[in-house]
Amino acid sequence: QPSSQDRNPVMPRLRRALDGIPGYRPGRPAAPGTVTYKLSSNENPYPPLPGVLGEAVRAAESFNRYPDMFCTGLTAALAGRFGVPQSHIATGVGSVGVAQQLLQATAGPGDEVIYAWRSFEAYPILTQISGAASVRVPLTAGEEHDLAAMAAAVTGRTRLIFVCNPNNPTGNLLRRAELERFLDRVPPEVLVVLDEAYREFVRDPQAADGLELYRDRPNVCVLRTFSKAYGLAGLRVGFAVAHEPVAEALRKTALPFGVTQPAQEAAIASLGAEAELLRRVDALVAERDRVLAGLRGQGWTVPEPQGNFVWLRLHEATMDFAAACDEAGVVVRPFPGEGCRVTVGEPEANDLFLAAAAAFRKAG
Ligand code: PMP
């Protein structure tokens with residue numbers, strides 16, 4: 001009697017666009033049972049505030065009901081917080097979910113999507129799933145977005161451009177004047193997505209603020225998230241701010257009921273507790289500055305970090321460095337052959353990381 005496997009059944013036809021997609025690789029977790037700190041996913045090391053947790057738990061009592069599909073309370077709270085019309089806000093399952101909706105709304109086979117490389121690894125994956133072609137513009141030798149080359153890469157097929165600011169994983173920032181010059185060069189029918197996932201950690205006074213830039217530019221869409229500064233990565237809430245046609249397209253492409261009610265309530269409560277949460281961000285920024293000074297003092301070249309992470313260009317030493325960090329009790333994020341991205345965590349984790357970096361440098 002042949003088993004079903006032996007019969008070599010015909011498989012459903014899957015889209016060719018999916019061939020070769022590597023799949024998203026999450027940062028490795030800390031090993032169970034050891035004193036290990038996870039610095040591999042740019043998470044916030046602080047647990048939820050009791051008041052925020054309380055709202056999420058209260059909302060969980062209605063798990064038998066679907067959530068508010070339009071996130072009415074949350075979009076109203078965001079509109080109030082940022083001084084933008086509520087109709088300009090669209091929410092999604094993390095900002096990565098919103099990025100996927102933006103591609104669904106703009107690009108498909110035959111179209112092109114431009115982004116810097118290296119940048120956030122979801123961009124190539126989501127672009128390939130959409131069927132559009134990726135146009136990767138290499139970072140400059142100084143690890144900066146090459147905005148002139150990105151503008152020059154626009155063709156009649158370009159539908160969307162991702163600009164990650166600050167850039168993940170290099171951490172550095174585009175300033176307002178250079179970003180404005182770039183936006184002036186991009187044709188108005190091409191959507192420019194300013195991914196500002198780490199905005200709250202930015203301290204450079206010349207930083208571009210997408211929420212100012214988008215106001216008189218209908219082709220600019222700003223992406224923000226509750227995952228980083230607000231510490232709600234596990235609840236999956238992101239949002240976009242854009243003019244109404246783009247925001248409306250995001251409402252059409254949204255997964256129905258994608259943002260759960262506990263997530264919505266926790267996000268609203270976080271906006272209510274913003275002063276306290278931003279004090280935590282200040283503490284992380286102070287730790288970031290301490291880590292940066294420590295690394296530079298050890299002789300490392302580090303691009304100016306404006307997110308909650310630092311970038312070490314390690315080339316072929318990348319995996320050895322990651323292994324040395326593992327042994328020291330901190331899990332970092334290696335990009336093989338390129339470098340390691342290290343999240344700024346609690347002070348004791350940062351101490352372990354700095355010690356491991358110093359030892360590696362001495363040995364190397
Ligand atoms: N954009 C950037 C630049 C990121 O680094 C991340 C998370 N690593 C995201 C978007 C997605 O975050 P989330 O989906 O949790 O909002």
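This is a predicted model: local features need pLDDT of at least 70, side-chain atom pairs count only at pLDDT 80 or more; totals for chains, interfaces and linings use all residues.
Which elements each supply at least two residues of the lining of the second largest pocket? They are helix H2 (72-82), strand S2 (89-92), H3 and helix H8 (244-253). Helices here are DSSP runs of H or I with at least four residues, strands are runs of E with at least two, and both are numbered from the N terminus. Residues are numbered from 1 along each chain as its sequence is written, and side-chain values use heavy atoms, with hydrogens and water left out.

Back to that second largest pocket, which holds about 420 Å³ of space. A pocket is found on a 1 Å grid over the protein atoms alone, as an open set of points where a 1.4 Å probe fits, with protein on both sides within 12 Å along at least five of seven lines; lining residues have an atom within 4 Å of a point. Grid points are joined across faces, edges and corners, and the volume is the space filled by probe spheres set on the points. Its lining has 27 residues, with Met69, Thr91, Leu250, Arg251 and Ala254 nearest the centre. By class, this lining splits into 12 nonpolar, 12 polar and three charged residues. For the classes, Ala, Val, Leu, Ile, Met, Phe, Trp, Tyr, Cys and Pro are nonpolar, Asp, Glu, Lys and Arg are charged, and the others, Gly among them, are polar.

The largest pocket comes in at about 550 Å³. Its lining is made of 27 residues, and Tyr24, Ser41, Phe120, Lys228 and Arg236 lie nearest its centre. H3 and strand S11 (333-335) are the elements that give two or more residues to this lining, and H3 has the largest share, with three.

Around the ligand are 13 residues, of which Ser95, Asp195, Tyr198, Thr225 and Ser227 come nearest; to be near, a residue needs a heavy atom within 4 Å. Helix H3 (residues 94-106) gives the most to this shell, three residues. Five nonpolar, five polar and three charged residues make up the shell.

A polar backbone atom of Ser95 is 2.7 Å from a ligand oxygen, and for a backbone N or O atom of Val96 the distance is 3.0 Å. The protein covers 93% of the 400 Å² of accessible area that the ligand has on its own, with areas from the Shrake-Rupley method and a 1.4 Å probe.

Some backbone details remain. Asn165 and Pro166 are joined by a cis peptide bond with omega about 0 degrees, and another cis bond, with omega about 15 degrees, joins Asn168 and Pro169. Pro166 is in the loop between strand S5 (158-164) and helix H6 (176-185).

Terms used. A polar contact is a pair of N or O atoms within 3.5 Å; within protein, one must be able to donate a hydrogen and the other to accept it, and residues adjacent in sequence count only if both atoms are side-chain atoms.
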